[in-house]
Amino acid sequence: MKLRKKDKPESHAVPIPSEMLANWAPRCPVCHETIHEQATVERFGEPRDWQFWGYPGSRWRRCEGETGGKRFVHFRVDVNGRLYGRLAWIRPAEDKAMQEALL
Ligand SMILES: [Zn+2]
C-alpha cells in the first residue's frame, strides 16, 4: 500500500481581516465537521466578490445554528477540486438597531 502524501492546504488560503476573526470554532458546532476558515460577517454571501464565499456553483450550505448567542452558517466550497469547510458568523447588526429603536 502506498502512503499518500499529505497535501498542504496552502493554495486555498483566503486572507481574513483580524476584526472578522472574533469567533473561532475548530469544528462546526452542529455537525462537527472540520472548519478550515471562518469569519464574522454582516450577511451571508457579502461582500459578494470575496474569495471566502468560493465561486458561484461551487458553494453549498451545510447547516446553520447558534452557539453562545451567535448565529452562524456552515458551508462548503470547492476550490480546485477540494472541499473546504467554512463558517460564517453573522454579526447581529439588525438586532442592535432594533434594540436602540425600542429604547
Ligand atoms: Zn455544520
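Starting at the N terminus, the protein chain's elements follow the order β-β-β-β-α, which comes to one helix and four strands. Helices (H or I, at least four residues) and strands (E, at least two) are DSSP runs, numbered from the N terminus. What you're looking at is a predicted model, where local features need pLDDT of at least 70 and side-chain atom pairs count only at pLDDT 80 or more, while totals for chains, interfaces and linings use all residues. Residue numbers start from 1 along each chain as its sequence is written.

The four of them make an open sheet with mixed pairing, in the order 1-4-3-2. Strand 1 (37-41) and strand 2 (59-67) sit at the edges with a single partner strand each, so one side of each has no neighbour in the sheet. On average, neighbouring strands here are turned by 25° against each other, direction ignored; the axes behind such angles are lines fitted to C-alpha atoms, for helices over the stretch in contact, and angles run from 0 to 180 degrees between N-to-C directions. Two strands count as paired if DSSP finds at least two bridges between them.

Here are two of the pairings:

| Strands | Sense | Bridges |
|---|---|---|
| Strand 3 (residues 70-79) and strand 4 (residues 82-90) | antiparallel | nine |
| Strand 1 and strand 4 | parallel | five |

You can follow these residue by residue. Val73 has Ala88 of strand 4 as its bridge partner, and Val77 is opposite Tyr84 in strand 4. Thr40, for its part, is bridged to Trp89 in strand 4. The hairpin of strand 3 and strand 4 has two residues between the strands, and Asn80 there takes a positive phi near 50°.

**The core**

Now for the inside. Buried residues (20 or more other C-beta atoms within 10 Å of their own; exposed means 12 or fewer, partly exposed in between; C-beta atoms are placed from the backbone) account for 14% of the 103 residues in the protein chain. The largest nonpolar core has nine residues: Cys28, Ala39, Val41, Phe72, Phe75, Val77, Leu87, Ala88 and Trp89. Strand 1, strand 3 and strand 4 each give at least two residues to this core. Such a core is a set of buried Ala, Val, Leu, Ile, Met, Phe, Trp, Tyr and Cys residues joined through C-beta atoms within 7 Å.

Ala88 is worth a look. Setting aside neighbours within four places in sequence, Ala88 is in contact (C-beta atoms, placed from the backbone, within 7 Å) with Ala39, Val41, Phe44, Phe72, Val73 and Phe75. Across the protein chain, 48% of the contacts between residues at least 6 apart in sequence join residues at least 24 apart.

Methods: Two residues are in contact if their C-beta atoms, placed from the backbone, lie within 7 Å.
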